[in-house]
Amino acid sequence: MKSKLILPLLLLSSAAFFSSCSKQKSEKDELKIDDKNLTTCTAGANCSFMFTEQADFEGYTTLKPGTYRVFWSIQQGSGITSTLYIKAPMPGKSFSLTKADILAGKIQVNSSCPACYMIPFKPVDGYVKGINTTPGKPADQTKWLVEAKIFLQADENPQLKDTVFIKQYFYPNFVID
């Protein structure tokens with residue numbers, strides 16, 4: 001009698017196990033970003049949103065060959081240049097970076113102004129997620145939608161904080177410039 005009960009219980013528990021595994025996988029695979037309310041460029045500024053593949057970055061201004069898909073956003077205006085670099089994994093049609101990735105150096109944020117005194121900030125928390133919106137096209141014709149919210153903290157004064165938020169389409173630039 002016990003053996004008759006065990007078989008149905010095993011079948012039910014294995015079905016529940018595989019059902020929960022497939023549900024977790026599909027939720028993870030279906031990364032979504034709302035394409036409404038994209039960030040805009042500040043009035044009078046010049047902005048660019050680009051990416052390249054098989055790249056890496058060094059310091060705050062140098063792209064070099066590497067193993068990442070690198071996204072970068074530049075905003076220039078009023079004598080200030082603000083740059084955000086993101087190292088994303090090469091494989092896949094989407095990606096997601098967490099606080100651990102940010103602390104591991106996969107995000108760089110820099111603001112520079114030759115005639116200003118600027119306090120250096122470092123990324124300490126946040127998230128980045130991206131989706132290839134044209135996955136069937138060759139890499140040099142694709143467009144990525146990237147959303148990033150990066151929390152910054154002053155190097156010398158942790159009480160000073162800032163936040164960088166961007167949600168925008170990034171376009172290919174395979175000539176590293």
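This is a predicted model: local features need pLDDT of at least 70, side-chain atom pairs count only at pLDDT 80 or more; totals for chains, interfaces and linings use all residues.
Biologist: What share of the residues of the protein count as buried?

Modeller: Buried means under 20% relative accessible area. Of the 177 residues, 31% count as buried. As for contacts, among those with a separation of 6 or more, 56% are between residues 24 or more positions apart.

Biologist: How many salt bridges does a search of the whole structure find?

Modeller: A salt bridge needs a side-chain nitrogen of Lys or Arg within 4 Å of a carboxyl oxygen of Asp or Glu. The search finds 4. One of them joins R69 and E53, whose closest N and O atoms are 3.1 Å apart. R69 lies in strand β3 (residues 68-77) and E53 in strand β1, so this bridge ties together parts 16 residues apart in sequence.

Biologist: Is R69 buried or exposed?

Modeller: R69 is buried, at a relative accessible area of 6%. Another bridge is that of D56 and K87, at 3.0 Å from N to O. Here the pair ties together parts 31 residues apart, because D56 belongs to strand β1 and K87 to strand β4 (residues 80-89). D56 is buried at 13%, and K87 counts as buried at 13% too.

Biologist: And what does K64 form with E58?

Modeller: K64 and E58 form a salt bridge, with the closest N and O atoms 3.2 Å apart. K64 counts as partly exposed at 30%, and E58 is partly exposed at 42%.

Biologist: Where does the charged end of K87 sit?

Modeller: For a Lys, the charge sits over a ring if NZ is within 6 Å of the ring centre and within 35 degrees of the ring normal. The charged end of K87 sits over the ring of F57, 4.9 Å from the centre of that ring. K143 does likewise with Y169, its charged end being 4.4 Å from the ring centre.

Biologist: How many aromatic pairs are found in the whole structure?

Modeller: The search finds 8 aromatic pairs. In the pair of F51 and W144, the ring centres are 6.5 Å apart and the planes are at 70 degrees. Planes over 60 degrees apart count as edge-to-face, and F51 with W144 is such a case. F51 is in strand β1 (residues 46-58) and W144 is in strand β8; this pair links distant parts of the chain, 93 residues apart. Both F51 and W144 are buried. They also belong to one aromatic cluster, together with F49, F71, F95 and F170.

Biologist: Strand β8 has come up with W144. Which residues does E147, also found there, touch?

Modeller: E147 is in strand β8, which covers residues 144-154. Leaving out residues up to four places away in sequence, E147 touches I33, Y127, V128, K129, F165, I166 and K167.

Biologist: Which side chain of opposite charge is nearest to E147?

Modeller: K129 is the nearest, 4.4 Å away. The cut-off for a salt bridge is within 4 Å. E147 is buried yet has no salt bridge. The side chain of E147 does make a polar contact of 2.5 Å with that of Y127.

How values were computed: Residues are numbered from 1 along each chain as its sequence is written. Side-chain values use heavy atoms; hydrogens and water are left out. Helices (H or I, at least four residues) and strands (E, at least two) are DSSP runs, numbered from the N terminus. Buried means under 20% relative accessible area, exposed over 50%, partly exposed in between (1.4 Å probe, protein chains only). Lys and Arg count as positive and Asp and Glu as negative; His and the chain ends are not counted. A polar contact is a pair of N or O atoms within 3.5 Å; within protein, one must be able to donate a hydrogen and the other to accept it, and residues adjacent in sequence count only if both atoms are side-chain atoms. Contact means heavy atoms within 4.5 Å. Rings of Phe, Tyr and Trp (its six-membered ring) pair if their centres lie within 6.5 Å; planes under 30 degrees apart count as stacked, over 60 as edge-to-face and the rest as tilted.
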